[in-house]
Amino acid sequence: MFSRNRNQHGYVLLGRGLAVSLPRDDEEVSVERPTEFFDAYLFDLDATIFLGDELLPGAARLVTELRRRGIPVRFLSNNATRAPSQYADKLTRLGLPTDVADIANTVATMTGWLLANHPGEVVFPIAEQPLVDALREAGIAISEDPGEIDVVVASYDRGFDYRKLQIAFDAIWFHERAILVATNPDRFCPFPGGRGEPDCAAIVAAIEACTGTKCVQTVGKPDPSMVTQALRGLDVDPARCLMVGDRLSTDIQMAVRAGMPSALTLTGDSDLDDVAAAAEADRPTWVLRRIDHLVPAAVWAELGWGDDSSD
Ligand SMILES: [Mg+2]
């Protein structure tokens with residue numbers, strides 16, 4: 001059993017040499033953090049870079065500083081309700097000008113997976129418009145006729161209803177022809193104020209419950225195919241790239257599977273108790289209260305940065 005002890009410096013030791021800080025007398029103690037830069041950075045978006053329509057503290061100056069140093073930065077998201085171009089537009093609007101080529105999400109990974117693994121097959125996407133549009137643009141046949149559906153694709157779909165569940169049920173259970181796949185395993189999407197929206201896992205669970213079948217493939221994090229897509233065009237070793245995210249089960253688990261170092265931000269889904277409860281091999285390399293703690297402390301001093309900035 002794993003034990004948690006606060007040492008004389010205020011760190012909580014979590015094994016593997018991992019140390020994180022806890023608030024002490026309303027004051028944050030400094031964190032143990034990377035002492036050098038990596039060759040590239042992969043950032044989750046929801047609850048890591050932004051929450052709702054606001055960048056999280058430190059995100060803007062961190063990304064700006066990495067880019068100033070010429071270090072590649074890529075963003076990735078399990079969220080299929082937006083096309084990569086919409087994420088690029090959102091980051092740009094929030095003050096981080098971003099090219100669409102720097103975004104990887106499950107709209108692209110699901111489209112690529114279907115083309116590679118089920119060419120010519122008929123798909124029923126339980127999805128919002130960006131994924132439906134991407135499938136159509138890729139030439140993938142789409143149908144709502146359960147008698148001809150080969151693949152039911154579940155995703156984060158705020159238009160999910162009984163009609164769509166019936167079609168999936170008929171294609172999988174009655175006609176016994178369709179398989180069930182999913183864009184991502186997330187239970188909910190974090191929103192400001194501690195709220196959230198039910199995500200893809202809820203829709204997968206509904207279909208699994210009535211059909212008795214299991215989802216056979218998930219293409220979002222933690223599947224390492226997201227890393228491959230995010231690093232396309234970059235000649236970098238994943239072992240020298242840092243994956244940064246707020247969720248142990250997706251962001252950090254993908255890094256573990258891809259052989260990447262990782263950092264967990266405490267600005268979203270996973271907290272210190274979750275880290276403590278995780279198996280040692282599944283823990284992040286670092287845990288951060290502020291994402292800009294990824295910039296080594298020595299560079300903070302050079303830049304004159306403080307912990308109180310909301311940039
Ligand atoms: Mg997230």
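Start at one pair: Phe124 stands opposite Val152 in E13. Strands here are DSSP runs of E, at least two residues, and helices are runs of H or I, at least four, numbered from the N terminus. Two strands pair if DSSP finds at least two bridges between them.

A word on the source. This is a predicted model, where local features need pLDDT of at least 70, side-chain atom pairs count only at pLDDT 80 or more, and totals for chains, interfaces and linings use all residues. Residues are numbered from 1 along each chain as its sequence is written.

Back to that pair. Strand E11, residues 122–126, runs parallel to E13, residues 151–154, over four bridges. Helix H5, residues 162–174, packs on the sheet. H5 touches E11, E13 and strand E14 (179–182). Contact means C-beta atoms, placed from the backbone, within 7 Å. The direction of H5 makes about 145° with that of E11. Axes are lines fitted to C-alpha atoms, for helices over the stretch in contact; angles run from 0 to 180 degrees between N-to-C directions.

The sheet itself is open, with five strands in the order E12-E11-E13-E14-E17, paired in parallel.

Now the other sheet. Six strands form an open, parallel sheet: E10-E9-E6-E18-E19-E20. Which strands stand at the edges? Strand E10 (103–105) and strand E20 (286–288) do; each has a single partner strand, so one side of each is left without a neighbour in the sheet. Strand E9, residues 73–77, pairs with E10 over three bridges, in the parallel sense. There, Phe75 stands opposite Ile103. Helix H2, residues 84–93, lies across E9 and E10, at about 130° to E10.

Technical notes: Two residues are in contact if their C-beta atoms, placed from the backbone, lie within 7 Å.
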